[in-house]
Amino acid sequence: MTNFKVLTTIILALLLTACSNTSNNEQDVQQAQFIDSAVSGVSYFTPTQSGTTDENGFFEYLEGETITFVFGEYQVSIPSSKVSNSLTSKKYITPYDFFVKDDNEAIRFALFLQTLDNDNDSSNGIQLGDSIN
């Protein structure tokens with residue numbers, strides 16, 4: 001009888017382990033922030049995620065994906081490697097991340113974002129209206 005209980009316990013443990021919902025192949029959804037000042041209301045998409053940046057500029061993606069932000073008929077994309085850096089724990093992007101080799105373009109992009117701000121006050125975040133999406 002004792003061997004039967006041990007065998008039953010081992011089989012149950014194996015079955016429970018096999019039925020676990022966790023998988024080593026699943027990736028965790030990452031979250032990062034789009035800032036010049038927090039940029040909210042901009043549509044974005046990746047191969048697996050899509051949405052609009054929240055009131056603090058946060059968006060979601062999976063590691064290794066390209067993230068595309070949509071401004072009306074214009075789109076700008078950035079690889080997630082520019083967003084997440086495991087060495088620095090960086091979880092944000094700025095206009096400079098889109099234009100690494102051209103400070104003037106990054107400044108123009110930041111100014112472009114500021115001109116789209118609903119209340120023309122970037123100190124409280126850059127809120128983009130529905131007309132941009």
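This is a predicted model: local features need pLDDT of at least 70, side-chain atom pairs count only at pLDDT 80 or more; totals for chains, interfaces and linings use all residues.
User: Where is N120 found, and what is its phi?

Analyst: Most residues other than glycine have a negative phi. In N120, phi is near 55 degrees, a positive value in a residue that is not glycine. N120 is found in the loop between α3 and β10 (126-127).

User: How many helices and strands does the protein have?

Analyst: Helices (H or I, at least four residues) and strands (E, at least two) are DSSP runs, numbered from the N terminus. The protein has three helices and 10 strands. Read from the N terminus, the order of elements is α-β-β-β-β-β-β-β-β-β-α-α-β.

User: Which residues of the largest nonpolar core touch the most other members?

Analyst: A nonpolar core is a set of buried Ala, Val, Leu, Ile, Met, Phe, Trp, Tyr and Cys residues joined through side-chain atoms within 4.5 Å. Here the largest such core has 20 residues, and F34, F59, F69 and F71 touch the most other members. Two or more residues come from each of β1 (30-34), β5 (58-61), β6 (66-71), β7 (74-79) and α3 (103-115). The largest share, three residues, is that of β6.

User: With which residues is F71 in contact, leaving aside its neighbours within four places in sequence?

Analyst: Contact means heavy atoms within 4.5 Å. With neighbours within four places in sequence left aside, F71 is in contact with F34, V42, V76, F109, F112, L113, L116, L128 and I132. For the protein as a whole, 43% of the contacts with a separation of 6 or more join residues 24 or more positions apart.

User: How far apart are Q31 and F59, in sequence and in space?

Analyst: Q31 and F59 are 28 residues apart in sequence, and their C-alpha atoms are 5.6 Å apart in space. Q31 lies in strand β1 and is partly exposed at 41% relative accessibility. Beyond its neighbours within four places in sequence, Q31 is in contact with F58, F59, E60, Y61 and K91.

User: Which side chains meet in a salt bridge?

Analyst: A salt bridge is a side-chain nitrogen of Lys or Arg within 4 Å of a carboxyl oxygen of Asp or Glu. A search of the whole structure finds one: the side chains of E105 and R108 meet at 2.8 Å, N to O. Because E105 and R108 are three residues apart in helix α3, about one helical turn separates them. E105 is partly exposed, with a relative accessible area of 28%, and R108 is also partly exposed, at 48%.

User: Which residues form a nonpolar patch on the surface?

Analyst: Patches are made of residues with over 30% relative accessible area and no salt bridge; like charges are joined within 9 Å, and nonpolar side chains (Val, Leu, Ile, Met, Phe, Trp, Tyr) within 5 Å. Y96, I107 and L111 form a nonpolar surface patch, with about 280 Å² of accessible area together. L111 is found in helix α3 and is partly exposed at 46% relative accessibility.

User: What joins the side chains of T46 and E65?

Analyst: A polar contact is a pair of N or O atoms within 3.5 Å; within protein, one must be able to donate a hydrogen and the other to accept it, and residues adjacent in sequence count only if both atoms are side-chain atoms. One of 2.8 Å joins the side chains of T46 and E65. T46 is in the loop between β3 (43-45) and β4 (50-52) and counts as buried at 8% relative accessibility.

User: Where is the place of T53, and does T53 count as buried or exposed?

Analyst: T53 is in the loop between β4 and β5 and counts as buried, at 3% relative accessibility. A polar atom of the T53 side chain lies 2.9 Å from the backbone oxygen of V39. Leaving aside neighbours within four places in sequence, T53 is in contact with residues including V39, Y44 and F69.

Note on methods. Residues are numbered from 1 along each chain as its sequence is written. Side-chain values use heavy atoms; hydrogens and water are left out. Buried means under 20% relative accessible area, exposed over 50%, partly exposed in between (1.4 Å probe, protein chains only). Accessible areas come from the Shrake-Rupley method with a 1.4 Å probe; for residues, only the protein chains shown count as cover.
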